[in-house]
Amino acid sequence: MLRKLVGLLGASLALLALISCKPGSPEEKNTYKAHGAGAELSASEYNNMPPLQQYQVANRLLSALFRGVPAKEFFDPNTFTSGKEADLRVDPDHVEYIQQIKEKLGSHLENRDVIYTKVVGDTTVQPTIPGLYQFSSDERTPMELPLAYMYELPLSDEYFARWIAYNLMNTILFSPAEEIDSAGPEDARAVFDRLSEGIRNKATIRSLIYQHEISLQNWRRFRSPEDNTREMIEIYLGLFDRDADVPKAAKACKNWSLTDEDQGYLLLHPEAANNTEPQQILDHYWVTTCEDVMDTIANHPLVIPRMANVIVDHLFDANYDPQKKAKFVNSIVGAHPQTFSELYALILFSKEFLTSVERPKFIEESLFNVAGRVYWTPTSTFFRDLAGTSGTGGNLSTNMLVMNQPAMSLKLGRWASVPLDSQGFSYYHRALRDVVMLRRKTTYDNPYDGNYMGWGAELIGESVETVSGDAFINYLFISVIGRPATDGELAELNNIITTATANGGTGSKVFDPAPTSGNGIIQKRRDTALVVLDYLSRLPELYFYDAVN
Amino acid sequence: MKRRDFNKALAILGSTLTVPPLLTKKGLISPAGATVSARAYAEARAVVAGEVDYAVPAKLPTVINVFMYGGPSELAGNLSNIADINANSQNKYPADMLRATTNNNGQITKNNFWAAAGGTIMETMIAAQQMTLYRTVNRIVDDSKAHRTSIFSTQIGGLNEEMPGMGTTLAAILRAKHPDYQDVDNPPLLPFVSMEGETVMYNIGDISLPLPLRPVSLDNNFNNPYKRIRQTALNTTSNCGANLTDNCDQLLDTLAKNTSATFAEKYSKVVDAFNKRSELDLFVRQNLGEGGASITARVPNNAEFTGSFGNNLKAAVLLAMSNPDTALITLSTGGLGGWDNHDNAITGYAARMQNLMSNLQAAMNMLAQPTNTLTDANGNVIVNSSPARNDVIINCWGEFGRNVNLNASMGWDHGNNMNLYTFGGNGLGGRQLGKLVGKTERIGTSGQNRQFTSPTGDSYQFEPMCIASSLYSYFGVLNPERMSANEDTRAPAGFGAINEGAASEFVP
């Protein structure tokens, strides 16, 4: 007992040391800040950037958040007339854009239930409210709903909490492992709800880890005392060489077990069978029960650095320079984030992430960013097709599974590098090309054509409807990839548009060289946009975060 | 020589930058990429020539690596210690697992396989010299029980996670040493294929391969995501340019390729995928037949594959038979569920092993006879028949074995010793099938969880990393341990190939 007390005292002192360093929470005075490698991109640094770079930075941030801002909204729309980068001006409403996003992510959302009803509908009221989106089945809904709901939510604390939960569940940290026999979509729902609610309510990282460790969902993922304790030590502490601790930790959890499938994979831990023999783990912590083990891990000094490491891996790429990463993580940890909101905010708004990190984008980061930038609208089945299973009729063009990027599914989470194997990437490319970039609404002049998804007049009409051909192409380039076309690109695209002839060159011109009717002009503008967007879908840079400089 | 220098030489030999004639002739990269001098290339060749002993094999095999993620128990292929295991286990095994098949429907076969877990099939396949079972794949140097660490070491064939995967290393060796891989006018077609998406086996490490040698991925239905579906006003028959001789769609591709060339290294995987897209589109349509129905039509009647894993394996075998250029196909046992049997293990494990073995038997049946031709509705041949193959090896293993104690959740926790199931390739020199290699004993304290089997003192055993070395030896490397030597201080001499001549315990 004495040894246990000494161990607990040691752990308490370590925790106290951490707490005593806490400079204050962001909710109180927004005073937590990282210095050095993890320093925030300051307002002055951002404002001193040329307008196009500001747009690139804004869209990098929004892309990470599965959003995008159209060029016509970010810039003064009249500045596209010349088609020259030098003439671009940021819209006066967006001169503090990064700070505006940060404030939105901290702002309370009042009507989340109304939006939820809008997404899923309500059949309990009269007249019934049809939902905007269809899901595969009640059973699969938890896998498909999070992205649909986030898509409809405005940037807010609610959105940020859900986005963080979704991200965490795609890492090894909180994956519900829906792919394995003993777990299922309901487990994904439970983890998502617990995390998102906890994050929104400012629960600490440590408390959320502890809640998760002792949850049914965690034990459905790691199903025996030895398996579970080994994984908790590895996952939350990053210690992969503590094999000798595992039998001792497992002994403390000896009365925890999972029933079989016939009994519904229930978690049993009868108190009467609690271990009574203290065990020493992780060098100087004494534990007796399974709760002791999980509490020790959740309050271990390595937890926050480990969280920062894993999240940085996912946001920066596992192949990011290890020395730079170590400095960055140290800097972030030095700001003493206590909640996941604080931790993610430190990383997302850092100068390093917003201007320097180069990596491929996950499908959500590119698809929703491009979608936002071209005013694209999903069909009612889009999220079902995106996050459903290929075996249940999911649309293979947009299914994340066939891109090898399934969400909330893999037992060990997604790799911290975007899978770019030839086949997975081909599906990824087709999702962007076929479903977003070449999907236009059937009624050009009705941006809210409810029958078909796609982009419409908002993208190619209004203020850019009458700009010259080259200016229009440049506008589309800036809108989608954040840069104007090169001279070579302009020349070749114009060559294609002006010479294209049907039937292997024996038919009529594809593009009317001088349309005179209203419809003819509109059609040429629309078809030009499709060719340009098709070209942009073939550029590797569309699928990457490039450094902003 | 230091590993770093050796790797550097191997990297130069494998590098895109060394083979501008090959790639520029194919129009795959711009000559601007060719910056390594002929002298550097020659020096690198000399380095590798001095380090890697190589003899061009009479036949280049095709190897299908089936990886059992999660860490499979060895018990399907090894019940030789089951009485002792049961006597000391925290929870008892079913009674029929303790009886011979000759005794009231027991589960223990003549060679101590688990009958209902593919054991009966294994008896048949070993007797028919289609298979060898190694029972003592055992970690000594680094007894890690962590999934990630173990997957890496097993799939790269070494302990340093920075090393390239075994597929990438093999590609670089062949590029450096085998004449078929140096023929700039006729490179092998799709030599490295993944049917599981990205895999550690193709980790790049410090080796940059020329495009034709980089892995491509296919799925079990030979679906063709490489074909773009939606068209713009420029449909596939539109021509462009001053003379209207250029296909407009191809002009867009060329423009994108040229624009990206400046950043080709940064975007390398995506550039590869785009560059490979049209080639793969054509290959899938012309060599494999597009879609699952075409696969079914080409598989002989007596090769009965079942379930999702069966579809994966069937596609891999069909690819191997359709394209002898394919050197390595990586495949997981996806569709069977994982092998991480921490709870309620026995029933599910046995069924999965049975499915695995019945599909592997189907694979051997399929390889033993020509494939059917594929015809269209009018009887016109779309894809020709492919001949039987006796030079296809299928290896099946995981990252580690499991404990043998049945824990509180009636499962097995992470262990060490495991099996390697290896099939086919009896037309290759040095291949020894029809064997059962390795003897084990139970280790650990009675009534406690950490009980496992271990090779007996007189048994042959090898490290999981040796499986990669054997892969290199199939393709002609005489000193495969060189590929992992000096990578880690724990194993400075590296890991050698499996000794296929080790004593067999098989009782016919």
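Let's start with one pair of residues: Tyr134(B) stands opposite Val437(B), which sits in strand β12(B). Before I go on, some housekeeping: this is a predicted model, so local features need pLDDT of at least 70 and side-chain atom pairs count only at pLDDT 80 or more, while totals for chains, interfaces and linings use all residues. Residues are numbered from 1 along each chain as its sequence is written, and chains are lettered from A and ligands numbered from 1 in the order in which they are written.

Okay, back to the strands. β2(B) and β12(B), the latter being residues 436-437, pair in the parallel sense over two bridges. Pairing here needs at least two bridges found by DSSP between the strands. In β11(B), Phe423(B) is the residue opposite Met131(B).

Buried means 20 or more other C-beta atoms within 10 Å of the residue's own, exposed means 12 or fewer, and partly exposed is in between, with C-beta atoms placed from the backbone.

How many helices and strands does chain B have? There are 13 helices and 14 strands. Chain B has 508 residues, and 57% of them count as buried. If you take the contacts in chain B with a separation of 6 or more, 72% come from residues 24 or more positions apart. A contact, by the way, is two residues whose C-beta atoms, placed from the backbone, lie within 7 Å.

Next, helix α13 of chain B, residues 466-474. Nine of its nine residues are buried, so call α13(B) mostly covered. Among them are Cys466(B), Ile467(B), Leu471(B) and Tyr474(B). What covers the buried residues of α13(B)? The cover includes β1 (62-68), α6 (147-156), α7 (166-177), β10 (392-398) and β11 (418-423) of chain B. After the helix comes Gly476(B), with a positive phi near 115°.

Further along, in the segment after α13 of chain B, you find Asn486(B). Asn486(B) is not a glycine, yet its phi is positive, about 65°. Because it has 19 C-beta neighbours inside 10 Å, Asn486(B) counts as partly exposed.

His336(A) isn't a glycine, and its phi is positive at about 55°. You'll find His336(A) in the loop between α16 (322-334) and α17 (340-348) of chain A. His336(A) counts as buried, because it has 20 C-beta neighbours inside 10 Å.

On to helix packing. Helix α5 (residues 119-127) and helix α12 (residues 345-367), both of chain B, have axes that come within 9 Å and cross at roughly 30°. That angle is why α5(B) is called roughly parallel to α12(B). The cut-offs are under 35 degrees for roughly parallel, over 145 for roughly antiparallel, 65 to 115 for roughly perpendicular, and oblique for the rest. Axes are lines fitted to C-alpha atoms, for helices over the stretch in contact, with angles from 0 to 180 degrees between N-to-C directions. On the α5(B) side the contact is made by Ile121(B), Met122(B) and Met125(B), and on the α12(B) side by Met357(B), Ser358(B), Gln361(B) and Met364(B).

Last stop, the place where the chains meet. Here 58 residues of chain B are in contact with 58 residues of chain A. Which helix gives the most to the side of chain B that touches chain A? That's α9(B), with nine residues. Helix α21 of chain A, residues 422-437, packs with α9(B) at about 90°, their axes 9 Å apart. So α21(A) is roughly perpendicular to α9(B). The residues making this contact include Phe425(A) of α21(A) and Leu280(B) of α9(B). They divide into four nonpolar, two polar and three charged. For those classes, Ala, Val, Leu, Ile, Met, Phe, Trp, Tyr, Cys and Pro are nonpolar, Asp, Glu, Lys and Arg are charged, and the others, Gly among them, are polar.

Notes: Helix = DSSP H or I, 4+ residues; strand = E, 2+ residues; numbered from the N terminus.
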